[in-house]
Amino acid sequence: MPCREPLRQRASICNQTVHGFHAPAVPSSDCDSMAGDTIFGQMLRGEIPCDEVYRDERCLAFRDIQPQAPVHVLVIPRKPLESLRAADSTDSELLGHLLLVAARVAKQEGLDDFRTVINSGLEAGQTVFHLHVHVIGGRPLAWPPG
Ligand code: AMP
């Protein structure tokens with residue numbers, strides 16, 4: 001259901017700081033339109049810098065500011081989806097594209113073996129509520145994750 005409150009009012013409802021990053025207090029489809037106001041939205045709009053490794057008309061890839069491995073890149077869609085759970089069948093091509101870009105970036109970074117991760121929701125570890133694919137590699141990676 002579309003959110004009818006003015007943008008600023010919705011910001012106070014939807015946004016809180018989680019580990020220093022803006023995130024919806026109650027992630028829901030009502031907050032989808034706020035996804036562009038995350039730190040990743042600011043990067044997409046060129047308002048704050050990022051260590052870019054790839055860009056095209058549908059996505060941007062940049063190095064994670066707190067890398068968990070020698071290579072740790074985030075691939076984000078330009079479309080402000082708050083998480084994978086906000087995606088629907090109209091996003092099929094975009095989601096496939098993000099994965100192909102993840103593989104391309106891994107190759108570009110010299111990785112044969114790598115892990116892709118998409119955290120969806122606070123309990124899954126999502127801290128920035130703009131869909132992103134982690135591309136992690138350059139060291140042995142344990143399983144299961146924590
Ligand atoms: P997640 O916890 O899955 O939502 O992942 C969010 C990721 O964004 C974390 O790995 C953060 O280190 C990363 N991150 C947050 N702010 C920035 C930033 N300014 N530049 C690059 N990566 C960031």
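Close-up 1. His 132 uses its side chain instead, with a polar atom 2.9 Å from a ligand oxygen. Taken alone, the ligand exposes 500 Å², and the protein buries 90% of that (accessible areas by the Shrake-Rupley method with a 1.4 Å probe; for residues, only the protein chains shown count as cover).

Residues are numbered from 1 along each chain as its sequence is written. As the model is predicted, local features need pLDDT of at least 70 and side-chain atom pairs count only at pLDDT 80 or more, while totals for chains, interfaces and linings use all residues; side-chain values use heavy atoms, leaving out hydrogens and water.

**Close-up 2. Here is the shell around the ligand.** Count 17 residues around the ligand, with Asp 64, Asn 119, Gly 125, Thr 127 and His 134 the closest (near means a heavy atom within 4 Å). The shell divides into eight nonpolar, seven polar and two charged residues (Ala, Val, Leu, Ile, Met, Phe, Trp, Tyr, Cys and Pro are nonpolar, Asp, Glu, Lys and Arg charged, the others, Gly among them, polar). α2 (39-44) and β4 (59-63) each supply at least two shell residues, and α2 has the largest share, three (helices, H or I, of at least four residues and strands, E, of at least two are DSSP runs, numbered from the N terminus).

**Close-up 3. The ligand sits in the largest pocket.** Sitting there means that more than half of its atoms lie within 2 Å of the pocket's grid points. A pocket is an open set of points on a 1 Å grid over the protein atoms alone, with protein on both sides within 12 Å along at least five of seven lines; lining residues have an atom within 4 Å of a point. Its lining has 35 residues, and Asp 64, Gln 68, His 72, Asn 119 and His 134 lie nearest the centre.

**Close-up 4. A cis peptide bond at Pro 144.** The bond from Trp 143 to Pro 144 is cis, with omega near 5°. Pro 144 is found in the segment after β7.

Note on methods. Polar contact = N/O pair within 3.5 Å; in protein donor to acceptor, adjacent residues only side chain to side chain. 1 Å grid on protein atoms, 1.4 Å probe; cavity = no way out; pocket = protein on both sides within 12 Å on 5 of 7 lines; lining within 4 Å.
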